[in-house]
Amino acid sequence: MALLVALPAAICVAYVLARYRFPGHGAVNALVHMPLVLPPVVTGYVLLLAFGRNGPIGSLLRETFGISFAFNWTGAALAAGVMAFPLLVRPIRLSFEAIDPKLEEAAKSLGARRIVVFLTVTLPLALPGILGGAILGFAKAMGEFGATITFVSNIPGETRTLALALYTATQSPSGDVAAFRLTLIAAVIAFGALIASELLARRLRKQLGAEDA
Amino acid sequence: MLEVDVSGRAGELALKAQFSASGGVTSLFGQSGAGKTTLTNMIAGLVRPDEGRIAINGIPVFDSVSGIDLSVQSRRIGHVFQEARLFPHLSVKANLTYARWAGRRPSTRSFEEVTGLLGLSGLLNRKPGTLSGGEKQRVAIGRALLSDPQLLIMDEPLANLDQARRNDILPYLDRLCNEAGIPILYVSHSIEEVARLSQTLVILSGGQTPAYGPVADMLARTDLGRATGRHEAGALLEGRITEEADEWGLTTVDIGGVELYIPDLDGATGEAIRLRIRARDVAVALEPVSGLSIRNVLPGQITSISEETGPYAEILCSVAGQTVRARITRASVAELGLSEGKPVQLLIKSVAIDKRQRAPGRS
């Protein structure tokens, strides 16, 4: 869920950072990377201040759309998304930068409008990087702990993510079995994601004619 | 019809170009760094000139006075780049039809016609990564042709190919230039390609266009030596095959009342061809010479002798209404008493006529 929302946003930000130089370029870049270097608890606290029931963005969203992030699962997803964002942006941006703008020029000379050029040339060529970013982001989102517990707490059935549940289980004396089961689930999901990404990447490489590279 | 009169910058170089070309193939010729690619990018709309005007078929695509600056997409210029720039994730077929499905360009030219013309029928399902350099370039040309262009720009399409690949692709270019039906701007620093393919020659030197005009006239000019590169100097002769290869393997070519004998030229009787004769392969005699191995001896009349210092003189001679260029030493000029208007015999070693420079002439 977090990934679905964060990925398109990350692609946009990565593209803009890769292709354009504008005033504030560095500031945007820094802002995107903030969650990577800040202690997760700080990020969670900032989210709580901004998106909490009485926070500026939180109250605005609640009054206009009736959406609330505080202390429910959407909040957990938001926290995971924000924490994963820099890990998404980095590899995607690198793969955009690796694409020769000359190919985009060629596409334009064939009459394709900018958005069409992006969809038919730039995006498909960046797919391996996007995939890499998505896997990293997924891993981060699954393991996210600090920002989530600070922002939306640890409410069973509502904001209890896998990592939080595991933590809860280890805290109770009788939780060994549950903890072991959760560890297994985490391992299976992670392993599955890695295998899937590897297979996808291999297929993409073949499609891009990697024998040429 | 292409009219260009622009000024701008190409890196460190100040670019100021002015020429106009009617239909057919126009060559933009100049040494590396003369600003050729920048100029073509200005015409294509990839680089913005500081000021000036560019018009195709009388319709301006750029005009700094009236503020016209059409986007790359709306100029309808097919652009073949030095590197083929094929889309690596798409099949050859999807590359070829890209302008139709992504650029929404109409299908004015039949797909089969273009793939046939460029010999692409067998490659359609391949990926660009598996193609040779020459094949890539042919796909790139086809892709540009299928974009319904009103002008085709080819920016040194052979520059990144070795000689063998070049020889593979040149026959396709011959056919393309004859059958494309749209004006072509062909950029090159090879005088052989220019002489073979084009009707109009624009010389670009140090960012300026000192001269342009019909290719035979331009090659005959002796004042452009520095721009064209001295060792390349030569002249073009238009002719027609009158007799196919005889028992000695020599083909007879008529260049307007005078016949030349050319080895290893496989062409049919009546075919129009174009011959390039390098100035250094022509010798001058005052009288017909006997006991000589050279078979091609042309009677001509000196029309000009270059005023140059240095050991060599460039001599232009009129032969059957066409121009032949000779480079001989100034010492010989003095010794033979050569002067303008003097009738001479021009000795051309027949092997100097290279069959690779055979090209369909204007007919």
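This is a predicted model: local features need pLDDT of at least 70, side-chain atom pairs count only at pLDDT 80 or more; totals for chains, interfaces and linings use all residues.
# A guided set of close-ups

**Figure 1. Chain A, seen by itself.** In chain A, 70% of the contacts with a separation of 6 or more join residues 24 or more positions apart. Of the 213 residues in chain A, 37% are buried.

**Figure 2. Where chain A and chain B touch.** Here the view turns to the contact between the two chains, which takes 21 residues from chain A and 23 residues from chain B. On the chain B side, β7 (77-80) and α3 (98-101) each supply at least two residues. Sorted by class, the chain B residues that touch chain A are eleven nonpolar, seven polar and five charged.

**Figure 3. The two domains of chain B.** The domain assignment divides chain B into domain 1 (2-223) and domain 2 (235-357). Their C-alpha centres lie 33 Å apart. Where the domains meet, domain 1 of chain B brings nine residues to the contact and domain 2 of chain B brings eleven. Helices α7 (191-197) and α8 (215-220) of chain B each supply at least two residues of the domain 1 side. Of these, α8(B) gives the most to that side, with four residues. The domain 1 side that touches domain 2 of chain B has five nonpolar, two polar and two charged residues.

**Figure 4. A four-stranded sheet in chain B.** Follow the strands across this open sheet and you meet them in the order β14-β13-β12-β15 of chain B, with antiparallel pairing. Strands β14 (259-263) and β15 (272-278) of chain B stand at the edges with a single partner strand each, so one side of each has no neighbour in the sheet. Neighbouring strands of this sheet are turned by 50° against each other on average, direction ignored. Looking at one pair, seven bridges join strand β12 (residues 234-243) of chain B to β15(B), and the two run antiparallel. Within this view, A235(B) has I277(B) in β15(B) as its bridge partner.

**Figure 5. A five-stranded sheet in chain B.** This open sheet has the strand order β16-β20-β17-β18-β19 in chain B, and its pairing is antiparallel. Because β16 (282-285) and β19 of chain B each have a single partner strand, they stand at the edges and one side of each is left without a neighbour in the sheet. From one strand to the next, the twist averages 45°. Strand β18 (residues 312-319) of chain B pairs with β19(B) in the antiparallel sense over eight bridges.

**Figure 6. A closer look at I328(B).** Our last stop is a residue in strand β19 (residues 322-329) of chain B, namely I328(B). Its bridge partner is A313(B). Why does I328(B) count as buried? The reason is that I328(B) has 20 C-beta neighbours inside 10 Å, and 20 or more is the cut-off for a buried residue. Leaving aside residues up to four places away in sequence, I328(B) touches A283(B), V284(B), A313(B), I315(B) and V333(B). For a sense of distance, I241(B) is 87 residues from I328(B) in sequence, and their C-alpha atoms are 29 Å apart in space.

Definitions and conventions:
Residues are numbered from 1 along each chain as its sequence is written. Chains are lettered from A and ligands numbered from 1 in the order in which they are written. A residue is buried if 20 or more other C-beta atoms lie within 10 Å of its own, exposed if 12 or fewer, and partly exposed in between; C-beta atoms are placed from the backbone. Two residues are in contact if their C-beta atoms, placed from the backbone, lie within 7 Å. Ala, Val, Leu, Ile, Met, Phe, Trp, Tyr, Cys and Pro count as nonpolar, Asp, Glu, Lys and Arg as charged, and the others, Gly among them, as polar. Two strands pair if DSSP finds at least two bridges between them. Axes are lines fitted to C-alpha atoms, for helices over the stretch in contact, and angles run from 0 to 180 degrees between N-to-C directions. Domain bounds come from an automatic or database domain assignment.
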